[in-house]
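Me: I would like to learn how to read a structure of this kind, feature by feature. Please give the general idea each time and then the case at hand.

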Amino acid sequence: MRSSTGVKAATPVVVRKASELQSVVAAWRRTGLVVGLVPTMGALHAGHANLIRAAAAENDRTVVSIFVNPLQFGAGEDFDSYPRPLEADRQLAGVLGASAVYAPTPGEMYPAGAATRVRVSGLSDVLEGVHRPGHFEGVATVVAKLFNACRPDRAYFGQKDAQQAAVVRRLASDLDTGIEIRVCPIVRDADGLALSSRNAYLNTEERQAALSLSRALRSANTAFLAGERDHGELRRLLHDTLRQELFANVDYAELVDPNDFVGPGQLAVLAVRIGRTRLIDNHLLGEPFAAALSG
Ligand code: AMP
């Protein structure tokens with residue numbers, strides 16, 4: 001809770017329309033308040049919580065957007081089954097310091113006739129972009145719209161979606177948004193699994209199999225810290241570790257430059273399907289592996 005700039009509401013107001021959010025935020029800014037935005041698809045977990053806490057600590061008002069964006073899901077992906085526990089999310093966002101939850105309907109976000117798409121070329125055409133065609137165009141379009149609806153001073157994203165964070169940085173700069181992009185570290189469960197709303201799809205056996213992602217990153221990191229600099233060897237370690245897990249189907253496991261996501265580089269990035277669930281993870285080699293932060 002903050003007092004000098006007014007007490008934050010414990011239960012954040014839910015805003016459904018962009019025009020309404022614009023007036024709420026404009027009123028804050030007229031009184032000199034600094035605003036942070038945390039874009040999410042909801043089903044909030046400790047990874048999101050970390051972003052919301054950071055935003056609440058660094059800004060006078062925090063807006064959490066909750067929108068399962070149809071544009072960033074491909075045909076046959078999990079748009080329909082994606083969890084949508086809005087009331088629980090709203091309560092949690094409030095406890096973490098959010099002042100407003102922006103939860104537009106798909107019809108409000110993309111009214112009939114909407115025809116504009118935002119595309120960040122280059123970064124959108126590799127790795128995730130290859131395996132999920134159109135995904136980053138959907139992300140960039142919704143993020144640009146969220147930036148316009150909220151007009152925050154800062155916006156918060158997770159390193160968990162490293163390529164997305166890079167796409168957003170590029171967009172924020174190229175479109176002269178003036179918004180400061182903050183990227184927060186990956187939050188992992190005690191056993192190393194990176195938190196994701198999609199982890200809820202995993203059964204017990206799959207949850208075990210999902211540990212192969214962080215195991216692979218850790219093995220490459222251990223080798224790197226021991227002096228291994230041969231990219232072929234480090235990449236082989238990623239693939240060998242993942243191959244040992246029978247339930248894991250690898251979409252990609254690469255070492256890329258963290259700026260343009262083209263290899264070779266020091267950022268290890270993985271996308272692996274465990275049963276019907278597709279998981280991504282990454283680690284910048286040489287950095288200590290994140291201590292478990294969940295809860
Ligand atoms: P999502 O709801 O999956 O679209 O994620 C919303 C934001 O939370 C994105 O910027 C993600 O990168 C971030 N995020 C999701 N999971 C994690 C995690 N385990 N650690 C850190 N950030 C995360």
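The dialogue below takes up the ligand site, the salt bridges and one threonine.

Reply: Please keep in mind throughout that this is a predicted model.

Me: Let us begin with the ligand. Which residues come nearest to the ligand?

Reply: A residue is counted as near if one of its heavy atoms lies within 4 Å of the molecule. Here there are 17 residues around the ligand, of which His48, Gly158, Asp161, Val187 and Leu195 come nearest.

Me: What is the make-up of this shell in terms of nonpolar, polar and charged residues?

Reply: The shell holds nine nonpolar residues, six polar ones and two charged ones.

Me: How much of the accessible area of the ligand does the protein cover?

Reply: On its own the ligand has 480 Å² of accessible area, and the protein covers 93% of that.

Me: Which elements give two or more residues to the shell?

Reply: They are strand E2 (35-40), helix H2 (46-58) and strand E5 (154-158). The largest share, three residues, comes from H2.

Me: I turn to charged pairs. How many salt bridges are counted?

Reply: The criterion is a side-chain nitrogen of Lys or Arg within 4 Å of a carboxyl oxygen of Asp or Glu. By that rule the count is 20 salt bridges. In one of them, the side chains of Glu180 and Arg154 meet at 3.0 Å, N to O.

Me: Which parts of the chain does the pair of Glu180 and Arg154 tie together?

Reply: Glu180 belongs to strand E6 (residues 180-184) and Arg154 to strand E5, so the pair ties together parts that are 26 residues apart in sequence. Glu180 is partly exposed, its relative accessible area being 38%.

Me: Where do Glu233 and Arg236 lie?

Reply: Both residues lie in helix H9 (residues 231-243), three residues apart, which is about one turn of the helix. Glu233 is partly exposed at 27% relative accessibility, and Arg236 is partly exposed at 38%.

Me: Is Asp251 buried or exposed?

Reply: Buried means under 20% relative accessible area. Asp251 has 18% and is therefore buried. Asp251 forms a salt bridge with Arg273, with the closest N and O atoms 2.9 Å apart. This pair links distant parts of the chain, Asp251 in strand E7 (residues 248-256) and Arg273 in strand E8 (residues 267-274), 22 residues apart. Arg273 is partly exposed, with a relative accessible area of 33%.

Me: Which residues do salt bridges with shared partners join into one network?

Reply: The network consists of Glu58, Arg154, Glu180 and Arg182.

Me: Finally, where is Thr62 found, and what does Thr62 touch?

Reply: Thr62 is found in strand E3 (residues 61-66) and is buried, with a relative accessible area of 0%. The side chain of Thr62 reaches the backbone nitrogen of Ala56 at 3.3 Å. Leaving aside residues up to four places away in sequence, Thr62 touches several residues, including Gly36, Val38, Ile52, Ala55 and Ala56. Gly97, Ala98, Ser99 and Ala100 are also among the residues that Thr62 touches.

Note on methods:
Residues are numbered from 1 along each chain as its sequence is written. This is a predicted model: local features need pLDDT of at least 70, side-chain atom pairs count only at pLDDT 80 or more; totals for chains, interfaces and linings use all residues. Side-chain values use heavy atoms; hydrogens and water are left out. Accessible areas come from the Shrake-Rupley method with a 1.4 Å probe; for residues, only the protein chains shown count as cover. Helices (H or I, at least four residues) and strands (E, at least two) are DSSP runs, numbered from the N terminus. Ala, Val, Leu, Ile, Met, Phe, Trp, Tyr, Cys and Pro count as nonpolar, Asp, Glu, Lys and Arg as charged, and the others, Gly among them, as polar. Buried means under 20% relative accessible area, exposed over 50%, partly exposed in between (1.4 Å probe, protein chains only). A polar contact is a pair of N or O atoms within 3.5 Å; within protein, one must be able to donate a hydrogen and the other to accept it, and residues adjacent in sequence count only if both atoms are side-chain atoms. Contact means heavy atoms within 4.5 Å.
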